Amino acid sequence: MKHYISKIYLALPFLLVWFPTYAIAQGGSGFSWGSYGLVAAAVIAVLGAVVVVSDNLLKVEAKRSGVDLKSSGGSSFSGINRLFKGSLPKYLSGQAVVELSKGYNIPLKGEIKEQKQIEEVHTKRYALQPPNYRGIRPIPKLEIEEGATVKAGDPVFYDKSNPDIKYASPISGEFVELQRGAKRAITNLVFLADKETEYREIPNFDIENQARADLKKHLMAYGCWPLLNKRPFDVIADPSEDPKNIFISTFDTAPLALDMNIAVDGREEDFQKGLDVLNKLTDGTVFLGLDGRNSTPPSKAFTDAEGVQKIYFRGPHPAGNVGVQIHHIEPLSTTDVVWTLDVQNVITLGGVFNQNKFIADRIIALVGAQVEEPTLIKTKVGASLNEILDSRLQEGDNRIINGNVLSGEKKEGDHMYLNASSNQITVIPEGDYYEPFGWLIPNKLRPTVSRTYPNFLIPGLKFKGDTNTHGEKRAFVVTGQYEKLLPMDIYVQHLMKAIMINDFERMEGLGISELSEEDVALAEFACTSKMPLQKLLREGLDYVKSQM
Amino acid sequence: MSNIAKNIKDRLEPKKGTLAHTAFDAFFTFLFAPNKTTSDGVHIRDGMDLKRTMVHVVIALQLCYIVGTYNIGHQHFTALGLHEGFFEAIHLKLAYGLIQLIPIFIVTHVVGLGIEFFYAFKKGHSVEEGFLVTGALIPLIMPPDIPLWILGLSVAFAVILGKEAFGGTGMNVLNIALLSRAFIFFAYPTTIAGDQVWVSGFETMAPGAEVTYNWFHTGFFNGIFEAVGWSLFEPGGTIIDGFTGATPLGLAYEGGWEAVTQVYSESQMLWGAIPGSIGETSKPAVLIGAAFILITGIASWRIMISMIIGAAGMAMIMNAWGASPFMQVPWYYQFYMGSFFFAMAFMATDPVSAASTNRGKLIYGLLIGAVGMIVRVWNPAYPEGWMLSILLLNVFAPLIDHYVLESNINKRLKRA
């Protein structure tokens with residue numbers, strides 16, 4: 001933004017030349033109060049221009065002399081900005097910090113109040129869900145038959161297009177049921193779990209001395225490969241590619257998100273081991289995006305991690321999204337491939353090498369206005385949500401979301417299972433009601449980024465939030481709305497239009513490969529025209545992928 | 001309340017696919033926000049929708065409506081040489097203004113909404129809210145004496161050819177309200193240009209012309225005012241000597257700022273007690289509306305600021321040149337005359353027809369300001385330039401966006 005202003009100022013010299021002439025020429029009777037105001041405005045404009053120009057020169061100078069822009073900015077404004085924003089916490093001094101101002105934190109009710117002990121829940125039924133793994137075919141090939149017993153870490157199925165990548169069972173028990181959805185796609189592979197999980201013994205692997213190709217084979221054979229995601233497209237990584245870099249975001253800024261510092265607590269060694277493995281997989285760098293928003297530093301597991309480059313991020317949601325962090329660390333070109341992982345997946349990966357077991361544990365934040373007592377739960381991938389949520393929810397018509405309210409997946413029915421890579425379960429009320437003149441005089445408070453509601457005047461206000469759409473879908477009318485909510489140099493609305501007309505070159509040029517659904521979710525929330533941006537983006541990504 | 005709405009819908013909803021259903025749906029969703037819930041995508045949605053966006057612009061226009069109504073009457077009585085003080089005979093001026101304005105408002109909405117409903121039915125989608133704002137803007141940019149059939153024709157032209165032909169709300173290239181005005185401007189120029197049309201109630205604008213009142217003045221309102229003992233409409237009055245009905249811009253074109261100040265004082269021009277289109281004359285009313293849509297974040301400050309800079313810059317260049325009396329008008333006085341602020345606040349900021357990228361908006365506003373000032377000062381045929389410059393830049397807005405997007409694309413391709 002700042003550089004736009006500087007450009008306006010640079011267009012102003014003529015104002016500086018002509019204004020005084022006429023102001024003086026008009027002196028006396030013609031010189032009214034309005035002119036005084038204009039004189040004042042002109043003086044401010046001149047001063048502003050001088051400051052901005054000199055600041056830009058400073059930055060150029062700083063760049064020349066090789067000052068690290070990320071840490072100091074090289075700008076005399078960083079000091080001024082500090083005055084308004086409050087000083088940086090001590091632990092950030094000397095660190096690489098990226099400050100983002102665009103975005104919005106949706107204040108929702110139902111957060112975890114006090115950090116109590118994590119409750120461990122072991123459900124009777126678990127299910128491995130092939131649709132969780134993006135990029136594989138809808139009907140995978142099973143390795144076992146109904147009635148078979150497995151150990152945690154045993155291969156259960158594989159995708160026919162890549163038979164080497166095994167998808168492993170998170171628990172030990174009996175494979176009891178195969179459930180299918182539309183077009184006979186396999187949705188759930190249901191297991192009856194043993195009381196005590198038995199683990200398959202995974203052989204040792206020497207990361208230091210063995211080759212990368214062997215490491216990849218090891219990962220694929222023992223169920224670790226599906227933990228790796230790649231950008232572009234945000235799908236499961238391709239074993240034939242080596243990533244340019246690997247990015248891990250160690251915090252989540254989404255509404256009511258899980259505190260990753262808790263997730264890593266007690267598994268620090270596994271986390272570090274996971275990072276070591278990842279380092280072996282890329283010739284580039286493993287980047288860690290760290291939470292710089294709080295007054296206290298994040299967990300030692302993150303701040304003291306070795307062999308990685310650490311960048312702190314400050315700002316509202318979506319600052320914690322890995323896509324946003326990639327954009328500010330090293331933006332993707334149209335040909336780059338990078339990998340991304342979620343913290344708990346790094347821990348699972350590390351566990352395989354550290355403890356020789358496939359430990360598919362997940363710490364889950366059970367949150368939302370409809371949860372009786374929001375709490376932290378420790379369970380495993382695929383746990384039955386019906387069992388977990390039993391008697392924990394308030395009465396009423398509830399929306400159960402695997403994930404956060406922005407990009408999570410709706411779960412319903414008698415067969416709800418925890419998705420792979422999930423960090424939270426959110427439960428909010430459904431919004432199936434009519435509201436008289438709801439568009440003009442809302443009958444109850446609702447979250448919004450719009451200043452037509454007085455919400456912005458009352459900081460600290462929290463909302464229940466329901467699933468009512470608060471309006472109907474319309475064509476794009478309002479402009480500039482999405483750009484305010486995505487701290488990336490991407491014209492989201494124009495990208496969406498390019499997707500609608502299947503314009504491949506424009507999609508690519510406007511940066512579709514840098515985005516994933518979670519990045520545009522906040523813009524979708526705020527969209528005045530109620531456009532389904534996430535769905536559109538996935539259609540565009542699928543289209544681009546099919547053209548490659 | 002939710003149950004009442006459900007009952008109404010269950011009992012009264014006409015069969016789908018009929019014009020009656022389209023109309024029912026439009027009114028029902030106006031009365032009750034629908035009970036739709038989110039599916040595939042985000043699970044909660046912002047409280048903001050298009051209806052709310054549009055209605056906030058309409059709210060911002062209300063002050064213009066009030067002052068505009070009043071000014072129709074004020075100009076009328078000024079021509080008669082009666083009640084010349086700004087706050088004299090408020091009831092008569094408001095009553096006179098309402099008699100002129102209400103038919104204009106009704107015709108605009110009947111024609112515009114009628115077409116909108118029909119096309120929504122034809123295309124099988126719900127009625128979109130675009131006309132809420134267009135319908136509120138059109139009466140404000142018309143002269144008070146505009147013949148209603150011409151108005152109806154222009155609204156139909158603008159809505160059908162300007163909007164529906166392109167695909168409805170959100171798809172139009174040109175600003176609909178300005179398009180309807182431009183239609184009258186070129187098809188029936190004598191009803192919307194010159195010195196003759198800005199003061200209402202007379203056949204011709206020559207001194208001695210007799211006032212024309214109808215039953216609403218002499219029957220309806222005089223009856224009410226007589227009952228409460230207030231002053232009345234008096235038939236038989238004539239235009240006083242020396243009154244021409246010329247606008248400040250017309251005067252400035254002939255004789256520069258001095259010619260203007262001989263007829264109108266600065267405060268008259270500021271507060272809007274001058275002849276002009278219905279809603280644009282009062283600067284404070286417009287600016288309060290502008291502040292409202294800026295604070296609520298509905299209009300783009302980029303367009304407004306850059307438009308002021310563009311107009312001021314061009315006026316300064318003209319000052320420097322100074323070849324004609326109009327060009328010598330000090331640049332800051334240019335803002336006292338004409339409808340610059342109304343065009344800036346409500347016309348240029350229309351998000352559909354304006355540039356859609358942030359950088360594009362700055363260029364767009366700057367060019368509107370500069371081109372509009374050129375049309376105003378250098379063109380003898382058009383006394384005011386904003387309508388034409390905004391329509392011109394509406395056409396160029398996609399081109400501006402194109403170059404902004406290309407630079408973004410090139411930046412990304414260079415990374416490879």
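This is a predicted model: local features need pLDDT of at least 70, side-chain atom pairs count only at pLDDT 80 or more; totals for chains, interfaces and linings use all residues.
**Entry 1: a buried strand in chain A**

I started with β13(A), which covers residues 286-291. Are its residues buried or exposed? I found six of the six buried, so I am using the cut-off of 20 or more other C-beta atoms within 10 Å. Next I checked which way they point. A:Val286, A:Leu288 and A:Leu290 go one way, while A:Phe287, A:Gly289 and A:Asp291 go the other. Both sets are buried, A:Asp291 included. I noted the background to this: in a regular strand the side chains alternate between the two faces of the sheet.

**Entry 2: what β13(A) pairs with**

I looked up the partners of β13(A) next. Strand β12 of chain A (residues 246-249) pairs with β13(A) in the parallel sense, over four bridges. There I found A:Ile248 bridged to A:Leu288. Strand β14 of chain A (residues 309-314) is also parallel to β13(A), this time over five bridges. In that pair A:Phe287 sits opposite A:Gln309.

**Entry 3: a six-stranded sheet**

In what order do the strands of the open sheet of six run? I read it as β2-β17-β16-β20-β18-β19, in chain A, with mixed pairing. The edges are β2 (119-120) and β19 (409-411), each pairing on one side only. I then picked out β18 (398-402) and β20 (424-429), which run antiparallel and are joined by five bridges. One detail I jotted down: A:Ile400 has A:Val427 as its bridge partner.

**Entry 4: where the chains meet**

I turned to the contact between the chains: 62 residues of chain B touch 74 of chain A. Several elements of chain B each give at least two residues to its side, among them α1 (2-12), α2 (19-31), β1 (32-33) and α16 (386-415). By class, I have 26 nonpolar, 23 polar and 13 charged residues on that side of chain B.

**Entry 5: two helices in chain B**

Last, I followed α2(B) to α5(B), the helix of residues 90-123. Their axes come within 9 Å and cross at roughly 115°. I have the crossing down as right-handed. Which residues make the contact? From α2(B) I listed B:Leu19, B:Thr22, B:Ala23 and B:Ala26, and from α5(B) B:Phe117, B:Ala120 and B:Phe121. I sorted these into six nonpolar, one polar and no charged.

Key. Residues are numbered from 1 along each chain as its sequence is written. Chains are lettered from A and ligands numbered from 1 in the order in which they are written. Two strands pair if DSSP finds at least two bridges between them. Two residues are in contact if their C-beta atoms, placed from the backbone, lie within 7 Å. Ala, Val, Leu, Ile, Met, Phe, Trp, Tyr, Cys and Pro count as nonpolar, Asp, Glu, Lys and Arg as charged, and the others, Gly among them, as polar. Axes are lines fitted to C-alpha atoms, for helices over the stretch in contact, and angles run from 0 to 180 degrees between N-to-C directions. A crossing is left-handed if the near helix is turned anticlockwise from the far one by less than a right angle, and right-handed if clockwise. A residue is buried if 20 or more other C-beta atoms lie within 10 Å of its own, exposed if 12 or fewer, and partly exposed in between; C-beta atoms are placed from the backbone.
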